[in-house]
Structures are given as C-alpha cells and as structure tokens.
Amino acid sequence: MIHNEARYEAAKARNIRLNANKTRRANWMALDGATRVDDFLFEQGEFEPSYRDDGQRAGSHPVVKASYGEFFSALRDNVNEWGGLTEKQNDAALAMIARGEGRVAGYAAKRAEEAATSNWIGAVGERRNFTVTIRNVIVIDGIYGASYLHIMHDADGNSVIYKGTNALGETGATVTVKATIKEHSERDGVKQTKISRPK
C-alpha cells in the first residue's frame, strides 16, 4: 500500500537516475584515459593540489590551473549530474590535459630561460631611477583600500617588483620611476629586485 503517491514517484525517479548514473560511470570508466580525466576534473591522483605545511590548500595542480575555465567546469558538472562523460567529452578532456601540460612545459622553459639571464639591480637601500615595462598589474583589495602588485622588467630583462598603493601604469606601459631598492629575492630561480616608494 502506498501512503503518499508523490513521495513514492519521487523516490522511484531518484532510484532510476542513480542506477542510470552507475551505468554511465561504468561505461565512462571503460574508455581509454577515463581514470586520468576523472583525476584531472576532481584534482586527485597525479593532479592533486599542493598544500602548505599547516595543511591548508596552497593551489591547484599547474595543469589544472592552466586548463581551468567554463568548459572544465561544465565537464565536472556533467560527471556530478550524469555519472560520467561521453566518449567525445572524454576525448575533449584528454586534449585539454595535453594542452595544459604544453602550457606548463612552456612556462617552465620560459622561467628557466629567465632564471639563467636574470640579475639583481643595484644594492639594497640604494635610491635610483628605473625604466621598466609593466608585465602585469594585480589589484589587491584590502580593508584600507586597493594596493597594486606590479610585475615589471627592465631593458635587460631583469625582474622588478613593486607592491604598494601607487599605481604605476597599465600592463604594457613603459615607465620611469625613482625608487628605493627594498630587497633582492628569488622566485622560481628568477632573481627579483623589489622596490619601494616609487615617484
């Protein structure tokens, strides 16, 4: 005897969908590369994100980060909703992984080239003029207003970094500023000259 017809029909539809999802997942997992795609979409296995010493997530795997976008999200949503991907979707995800790996390899080669040719500029504490081209400007909103992280390079390709409340210009602009050399540091093997109080 059925006491609540609406609940019975809803439960029946749910069970049909769950069984269909199991079948779709099994069919998907039978495809070449499906396990790798699953790891990629859900950041597990070889695509596991990095973590800091305190256990907090530090960032996505470089290939995932290089591939993330609307299509990546749509594929992950498909797996969550339908249990798996079609053969064409799986092939598209494998192609996305290959492109992401290519981007990461290109980035690593570029960073290695920069590391081999980079030098620090001047001495810490010295105030001098810098003529630099702005590669990127990242706006950081805080409780006291916006600050700007400028990633720049000089004519010799040396990296110059400024983080502060002064906006020095837009990406691609070449500017001349007088600033104090705050620190010499390295990031990914690239020598960086950090400046402060630009005018």
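**Charged side chains and their partners**

E81 is partly exposed, with 38% of relative accessible area; partly exposed covers the range between buried (under 20% relative accessible area) and exposed (over 50%), using a 1.4 Å probe and protein chains only. The structure is a predicted model, in which local features need pLDDT of at least 70 and side-chain atom pairs count only at pLDDT 80 or more, while totals for chains, interfaces and linings use all residues. Residues are numbered from 1 along each chain as its sequence is written, and side-chain values use heavy atoms, with hydrogens and water left out.

Salt bridges make a friendly place to start. Side chains of opposite charge can pair when their charged atoms come close. A salt bridge here is a side-chain nitrogen of Lys or Arg within 4 Å of a carboxyl oxygen of Asp or Glu, and the structure holds 10 of them. One joins E81 to R17, with 3.7 Å between the closest N and O atoms. This pair links distant parts of the chain, since E81 sits in helix α4 (residues 70–82) and R17 in helix α1, 64 residues apart. Helices (H or I, at least four residues) and strands (E, at least two) are DSSP runs, numbered from the N terminus. R17 is likewise partly exposed, at 38%.

Helix α1 (residues 5–29) also holds both K12 and E9, which are 3 residues apart, about one turn of the helix. Their side chains meet in a salt bridge of 3.7 Å, N to O. K12 is partly exposed at 39% relative accessible area, and E9 is partly exposed at 34%.

What is the setting of E114 and R111, buried or exposed? Both are buried. They form a salt bridge in which the closest N and O atoms are 3.3 Å apart. Because E114 and R111 are 3 residues apart in helix α5 (residues 87–117), about one helical turn separates them. Together with R135 and D188, these two residues belong to a network of salt bridges.

D154 is found in the loop between β4 (145–153) and β5 (159–164). Its side chain reaches the backbone nitrogen of D156 at 3.0 Å and that of N158 at 2.8 Å.

How values were computed:
A polar contact is a pair of N or O atoms within 3.5 Å; within protein, one must be able to donate a hydrogen and the other to accept it, and residues adjacent in sequence count only if both atoms are side-chain atoms.
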